[in-house]
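Welcome! Take a moment to look over the sequence and turn the model around, then come back for a guided tour.

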Amino acid sequence: MLARRVRRDAGMVTSEYAVGVIAAVAFAAVLYKVVTSGQVTEELQGIVGRALHGQT
C-alpha cells in the first residue's frame, strides 16, 4: 500500500513542469534586465577593469 502511494507521487506532472519552466524563464528575464541595466554594467566593467589592471 505505502509503496504504491510513494511511487505515485514520486515525480512532477506535466503541468508542474510547465509552471516551473515559466517561473524559471521569468526569473531569467528579470535577471537579464538587471544585469544589462546601465548602472550594473558600469559596475561590472569597473570590477573587471580593476582586476585586469591590478588596481585596488
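Which helix gives the most to the nonpolar patch? Helix 2 does, with five residues. Keep in mind throughout that you are looking at a predicted model.

**The overall layout**

The chain holds three helices and zero strands, so its elements read α-α-α when you start from the N terminus. Of the 56 residues in the chain, 2% are buried. The accessible surface of the chain is about 5300 Å², and carbon and sulfur atoms account for 66% of this area.

**How confident is the prediction?**

The chain has a mean pLDDT of 83, with 75% of its residues at 70 or more.

| Helix | Confidence in the chain | Mean pLDDT |
|---|---|---|
| Helix 1 (residues 2-8) | lowest | 56 |
| Helix 2 | highest | 92 |

Where pLDDT is low, the coordinates of a prediction should not be read in detail. Please keep that in mind when you look at helix 1, where confidence is lowest.

**The nonpolar patch**

Now find Phe-27, Val-30, Leu-31, Val-34, Val-35, Leu-44 and Ile-47, which together make a nonpolar surface patch of about 640 Å². Helix 2 (14-35) and helix 3 (38-53) each supply at least two of the patch residues. One member to pick out is Val-34, in helix 2. Is Val-34 buried, partly exposed or exposed? Its relative accessible area is 45%, which lies between the 20% and 50% cut-offs, so Val-34 counts as partly exposed.

**Helix 3 and its end**

Helix 3 has 16 residues and spans 22 Å from its first C-alpha to its last, close to the 22 Å expected at 1.5 Å a residue. Just after helix 3 comes Gly-54, with a positive phi of about 70°.

Note on methods:
Residues are numbered from 1 along each chain as its sequence is written. This is a predicted model: local features need pLDDT of at least 70, side-chain atom pairs count only at pLDDT 80 or more; totals for chains, interfaces and linings use all residues. Side-chain values use heavy atoms; hydrogens and water are left out. Patches are made of residues with over 30% relative accessible area and no salt bridge: like charges are joined within 9 Å, nonpolar side chains (Val, Leu, Ile, Met, Phe, Trp, Tyr) within 5 Å. Accessible areas come from the Shrake-Rupley method with a 1.4 Å probe; for residues, only the protein chains shown count as cover. A salt bridge is a side-chain nitrogen of Lys or Arg within 4 Å of a carboxyl oxygen of Asp or Glu. Helices (H or I, at least four residues) and strands (E, at least two) are DSSP runs, numbered from the N terminus. Buried means under 20% relative accessible area, exposed over 50%, partly exposed in between (1.4 Å probe, protein chains only). The expected span of a helix is 1.5 Å times one less than its number of residues. pLDDT is the predictor's confidence in each residue, from 0 to 100.
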